[in-house]
Amino acid sequence: MATVTNWVEQLNSGDGVVYPFAGTELYWLILCVAIWIVWHIITSASETEHMNDLASRNPGPDAHKENITDW
Amino acid sequence: MEDQLGALTTVFTEMYYWLTVVLMFLIHVGFCMYEVGVSRYKHHQHTLMKNTMLIPLVTITWYFFGWWIYSAFVNGPYLAESIMDGNSGLQLGGGFGANDMANPISSVMAVNLGDHINGVFWAAFLLFSWTAASIVSGAVIERIRISAFGILAIAIGSVFWTIDASWGWHFDGWMVKVLGYHDAYASGVIHAVCGGFALGVLIVLGPRIGKFVNGNPVNIGPRNPWLVTLGLFLIYTGFWGFYAACNVPIIDLQGEYGLEGTYFTATTIYITPTTLSGITFNFLMSLAGGLLAGYVVSKGDPFWTYSSGLAGIICASAGNDLYHPLQSMVIAMVGVVIMHRLHFWVERRFKIDDAVGAVAVHGYAGVVGLVICGFVLWGYPSSGYWDTPINPVGMIIGAIIMFGLLGLLPGYVIAKILNSMGKLRIPKEVELAGMDFDTMEAAKNDQKVYAAAEK
C-alpha cells in the first residue's frame, strides 16, 4: 500500500516517512534476521560437504598444477 | 531545513559523509587485492570470497544490531553517567541514544525526508566495520573455513569494535570521560582491537602447513608483489576517506560549549576542534615517516615497506588531530620500528603465523600509538564538555582494553568454540590440495571440452 498518494499533502504534513508499508518494519526485521540465520546454516553445511569430499579424494599438494588452464 | 544556510549546511554534511563512504570503499578493494597478492595460486578464489562475503554479513548485522550497540553502550553500562540525560545504564534515549538513532525498526533507519544524516553516518561507521573484519581476514588466509570467518567477521565488525567505539570513540563515551582516553583517528578503536582479535584467532587456528620447519619460520609469499603494491596504495587512498569520515566537517561550538560568539569549525568525533588542513599535514607526514622507517628496518623489502607506511599512519592516528606534522613523522617511525621487531619476535617465540602482518601493522602499531599519545598530549582536555585530561595511565589502560579485553580475549574464545565444534580450520588434505582445487579442475575440464570441439 502506498504511504504517499499526494506529494503536496505529504510535504505539508511534515511527516518524513515515505517508504511503502510503513508500520510493518518489525515483520520485515524478523524476516531478514531469519534469512540471515538460515544463510549461515546452509552455507556451513555446504562447505562441510565440499571439504569432506575433497579431503577424501586427497589430491595432494601439487595436483592443482595439472588444472592450470591455458586461457 | 528552514533557511538557506541551514539547508546548505545539512546537505553539505550529508554529501561530505556520502563521499567518505565512496572513498573508503577503496580500502576494501585494496584489502582484496592485497590478500590475493599474498595468498598462493591454489587458494586465490577462496581468499577473495572470504574477504568479499564479509561485506554482506557485516552490513546486515550492522543494520540489525551493530549501530544500535554503538549508541547504547556509551555508559559501559554503569561505568559513567551520560552527559545527555544523566543515565548510567544502556543509553536508549537522550537525543542520541540507541532508540533515537539506531533501532532497526525506527523510521530514521530508512528513507525519511526529515533526516539527512543518519544513513550516511551509519554507512561511514559500516565502512569502518568492514575494515575491522578485513584486518582479521588477511591474517588467517589459506586455512580458515569461510563459514567460520563469517562468524568471526560479524563478531569483530558488528559487536566488539562497536563496543569499543561506543566506549572510547563517542562524544559521551565513558572511557573518554573517566580515563581521558583520546583516539581521534582510531589507533586503538579500529586497529589495536582488530590486531588483538586477529592474534586471539591465530593462537587457536595455528600456522599454515610448512610455515615452521624444525621450529624456524619460513617466509611464504607474497606471491604477487605488484598486486600487493596496488592493494596497499588503494588502502592508503581509502584511508584518506577514513580520516575525513572521522570528523564532523562543520559545527558551531557556541551552542555546544557555551562560547560567547559563534565558532564554526571542523571537529573530531569527540566534538573537539581541529582542521582538515591540519590533519592533511599529519596524515602525509606520518605516511612518510612510516615508509622511511620501514625501508630501513626491512632492508628495502617492498612488502614491509608498504605495510610500514600504513603502520606509520596508524601509530600517529590517535593524536593526529593535534600533533605537529614533525611529531607525527617521528611517532610514525617509532611505531614502525617497534611493530616490525615485535612481529618477528612473536612469530619466532610463539609460532604465530600472521600471513600479512596484520597483528603487527594494526595491533602493535595501534597500541604503541595510544601509549605515545598519552605522553605527547598529556594535559590536553579530552573534551570541551568536561575537564578530564588526556594522560598516560588512562591511555595505557585504554590500550589494554582495546587490544586485550575487546580484541584478543573474544577472538580467542570464539575461535576456541568454533574449533571445538570442528568448524574453524579446513582439513589438512584440502589445505595441501588448495581450496580452489575443484574450481580449477572444473575450469580445466571445460577447457578440454572446448579444445576437443575446436578440432
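Within what distance do the axes of helix α1 and helix α4 of chain B come, and at what angle do they cross?

Guide: Happy to take you there. Please keep in mind that this is a predicted model, with an ipTM of 0.95 and a pTM of 0.96. For chain B the pLDDT averages 95, and 100% of the residues score at least 70.

Let us start with the pair you asked about. Helix α1 of chain B covers residues 4-38 and helix α4 of chain B covers residues 118-139; their axes come within 9 Å and cross at roughly 15°. Angles under 35 degrees count as roughly parallel, and α1(B) and α4(B) are therefore roughly parallel to each other. The crossing in which α1(B) passes α4(B) is left-handed.

Now for the residues that meet there. From α1(B), the contact includes Tyr17(B), Trp18(B), Val21(B), Met24(B), Phe25(B), Ile27(B) and Phe31(B), and also Glu14(B), His28(B) and Glu35(B). From α4(B), the partners include Val120(B), Phe121(B), Ala123(B), Ala124(B), Leu127(B) and Trp130(B), together with Thr131(B), Ser134(B), Ser137(B) and Gly138(B). By class, this contact of α1(B) with α4(B) has 14 nonpolar, six polar and two charged residues.

Helix α4(B) has another partner to look at, helix α7 of chain B, which spans residues 187-205; the two axes come within 9 Å and cross at roughly 35°. Here the crossing is right-handed. On the α4(B) side the contact is made by Phe128(B), Thr131(B), Ala132(B), Ile135(B), Val136(B) and Ala139(B), while α7(B) supplies Ile190(B), Cys194(B), Phe197(B), Ala198(B), Val201(B) and Leu202(B). Eleven of these residues are nonpolar, one is polar and none is charged. Thr131(B) takes part in the contact with α7(B) and also in the one with α1(B).

A further helix pair in the chain is α2(B), residues 44-72, with α5(B), residues 146-168; the axes come within 8 Å and cross at roughly 40°. This crossing is right-handed, and the residues in the contact divide into 16 nonpolar, eight polar and one charged.

Gly76(B) and Pro77(B) are joined by a cis peptide bond, with omega about 10°. That is worth a look in your viewer, because most peptide bonds are trans.

Chain A has two helices and zero strands. A compact globule of 71 residues would have a radius of gyration near 11 Å, but chain A has 26 Å. Along its principal axes the C-alpha trace of chain A spans about 70 × 30 × 15 Å. In the loop between α1 (7-13) and α2 (25-57) of chain A sits Phe21(A), which has a positive phi of about 60° although it is not a glycine.

Finally, the two chains touch: 27 residues of chain A are in contact with 31 residues of chain B. On the chain A side of that contact, 15 residues are nonpolar, nine are polar and three are charged.

Definitions and conventions: Residues numbered from 1 in each chain as written. Chains lettered and ligands numbered in written order. Predicted model: local features only at pLDDT ≥ 70, side-chain atom pairs only at ≥ 80, totals over all residues. Contact = placed C-beta atoms within 7 Å. Nonpolar A, V, L, I, M, F, W, Y, C, P; charged D, E, K, R; others polar. pLDDT = per-residue confidence, 0-100. Axes fitted to C-alpha atoms, helices over the stretch in contact; angles between N-to-C directions. Helix = DSSP H or I, 4+ residues; strand = E, 2+ residues; numbered from the N terminus. Parallel < 35°, antiparallel > 145°, perpendicular 65-115°, else oblique. Left-handed = near helix turned anticlockwise from the far one by under 90°. Rg over C-alpha atoms; globule rule 2.2 N^0.38 Å.
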